[in-house]
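Please read them with the structure open.

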Amino acid sequence: MTKPLVGSFDAVFADLDGVVYAGPHAIPGAPEALQGLEAAGVQLAYITNNASRSSATVAEHLRELGAPATAGNVFGSAQAGAELLAGLVPAGSRVLVTGSQTLTDQVRAQGLEPVPSAEDQPAAVIQGFDPGLGWKDLAEAAFAVAAGAVWVATNTDLSIPQARGIAPGNGTLVAAVAAATGRAPVVAGKPEAPLFTTAARHLGVERPLVVGDRLDTDILGGTNAGYATALVLTGVDSPATALAARTAERPDFLIPNLGALYEPYPSVQRTDGGFGCGTALATVSGGTVEITAPEGDLDGWRAACAAWWDANPEVTAAASPEVRWVVGAGS
């Protein structure tokens with residue numbers, strides 16, 4: 001492959017935390033890499049499960065970090081959830097909104113009528129995270145869902161990172177309503193497809209590359225939407241977790257950072273008994289992957305993934321092989 005990786009796509013769909021920034025700071029080189037997409041003729045969308053912050057607020061934060069952003073290219077699960085819901089109920093329907101003002105605004109923008117109580121006999125419930133939600137809010141949602149209302153959840157993230165540690169996320173609040181009603185919602189956010197397809201529809205693109213740092217949300221979500229995926233190694237997951245991933249969470253590309261979007265992606269070729277990438281070679285024997293390359297070499301990991309995935313094509317649970325590094329004469 002001689003053209004840059006990004007040259008095969010008409011858009012980049014980028015996750016935020018672990019891809020663009022880590023905590024309060026931009027990941028080194030990430031804003032500059034994103035700034036180069038326009039000149040390359042590639043559109044950019046930011047994809048986030050956050051349903052409590054408006055697109056304008058997220059875009060302002062990204063611009064402060066040096067990344068190119070407008071409200072029009074930030075896609076959150078509140079927008080995706082409201083658009084998904086609008087396709088499930090008649091125009092003008094009453095909707096009980098269990099979530100933030102941003103979510104309420106998105107519902108109203110779809111021509112639906114937000115209401116505060118199950119006593120308003122809503123046709124639907126949409127549930128998204130807001131730190132001010134309490135028992136009474138969840139009870140109203142449960143009453144409406146139990147009465148037969150269509151139920152959409154913006155996302156089902158079980159936890160959210162906070163300055164003091166890990167706190168319950170929207171998924172835990174959704175689980176409370178599910179436990180009370182015995183029902184399950186339609187989900188808009190990662191790892192489901194609607195958030196990604198919403199972005200593609202608004203931007204008018206057909207071949208986006210989903211770039212994320214998490215296999216279970218970004219990569220699985222891109223796969224569910226039918227898009228190519230790249231795991232960027234600046235956040236949560238690693239080449240080792242990618243190697244062990246179940247089939248639906250296996251990325252198409254492993255890249256060290258966003259700058260690698262502008263480099264040719266090395267080809268991975270089947271060889272006698274294994275797979276090669278650059279000077280690296282990987283072979284599989286039973287539950288062991290042997291990699292001939294300097295330990296930790298990224299091309300070695302790429303070859304290892306190809307070899308292990310070829311030997312284990314349909315895997316429904318993560319399984320870590322033993323990895324053995326061997327330094328060969330060509331390494």
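1. Val125 has Trp151 as its bridge partner in β9. The two strands involved, β8 (residues 124-127) and β9 (residues 150-153), pair in the parallel sense over 4 bridges. Two strands pair here if DSSP finds at least two bridges between them. Helices (H or I, at least four residues) and strands (E, at least two) are DSSP runs, numbered from the N terminus. The path from β8 to β9 goes through helix α5 (residues 135-146), and this β-α-β crossover is right-handed. Right-handed means that, with the strands pointing away from the viewer, the path from the first strand over the helix to the second runs clockwise.

2. A word on the basis of all this. The model is predicted: local features need pLDDT of at least 70, side-chain atom pairs count only at pLDDT 80 or more, and totals for chains, interfaces and linings use all residues. Residues are numbered from 1 along each chain as its sequence is written, and side-chain values use heavy atoms, with hydrogens and water left out.

3. On to the next pairing of β9. Strand β12 (residues 186-187) runs parallel to β9, and 2 bridges join them. Val152 has Val186 as its bridge partner in β12.

4. The loop between β12 and α7 (194-203) holds Pro191. The peptide bond between Lys190 and Pro191 is cis, with omega about 5°. Please check it on the model. Most residues other than glycine have a negative phi, and most peptide bonds are trans.

5. Gln121 also deserves a look. Its phi is near 50°, a positive value in a residue other than glycine. Gln121 sits in the loop between β7 (113-115) and β8. With a relative accessible area of 69%, Gln121 is exposed. The cut-offs are under 20% relative accessible area for buried, over 50% for exposed and partly exposed in between (1.4 Å probe, protein chains only).

6. How many of the residues of α7 are buried? The count is 7 of 10, and the helix is mostly covered. The buried residues are Pro194, Leu195, Phe196, Thr198, Ala199, Ala200 and Leu203. Just after α7, Gly204 takes a positive phi of about 70°.

7. Asp218 belongs to helix α8 (residues 215-225). Asp218 is buried, at a relative accessible area of 2%. Its side chain reaches the backbone nitrogen of Arg214 at 3.1 Å. Leaving out residues up to four places away in sequence, Asp218 touches Asp15, Lys190, Phe196, Val210, Gly212 and Asp213. Contact means heavy atoms within 4.5 Å.

8. Now the aromatic rings. Rings of Phe, Tyr and Trp (its six-membered ring) pair if their centres lie within 6.5 Å; planes under 30 degrees apart count as stacked, over 60 as edge-to-face and the rest as tilted. By this rule the count is 4 aromatic pairs. In one of them, Phe9 and Phe253 have ring centres 6.3 Å apart and planes at 85°, so the pair is edge-to-face. This pair links distant parts of the chain, 244 residues apart: Phe9 in the segment before β1 (11-14), Phe253 in strand β15 (residues 253-255). Phe9 and Phe253 are buried.

9. Phe13 and Tyr227 make another pair. Their ring centres are 6.1 Å apart and the planes stand at 85°, so this pair is edge-to-face. Phe13 lies in strand β1 and Tyr227 in the loop between α8 and β14 (228-232), so the pair ties together parts 214 residues apart in sequence. Phe13 counts as buried at 1% relative accessibility. Tyr227 counts as buried at 16%. Separately, Phe9, Phe253 and Tyr265 form one aromatic cluster.

10. Last, an open sheet of 5 strands. The order is β16-β17-β18-β19-β20, and the pairing is mixed. β16 (268-271) and β20 (322-326) are the edges; each has a single partner strand, so one side of each is left without a neighbour in the sheet. From one strand to the next, the twist averages 25°. Strand β19 (residues 288-292) runs parallel to β20, joined by 5 bridges. Ile291 stands opposite Trp325 in β20. Helix α10 (residues 298-311) lies across β16, β17 (274-277), β18 (280-285), β19 and β20, at about 30° to β18. Axes are lines fitted to C-alpha atoms, for helices over the stretch in contact, and angles run from 0 to 180 degrees between N-to-C directions.

Key:
Polar contact = N/O pair within 3.5 Å; in protein donor to acceptor, adjacent residues only side chain to side chain.
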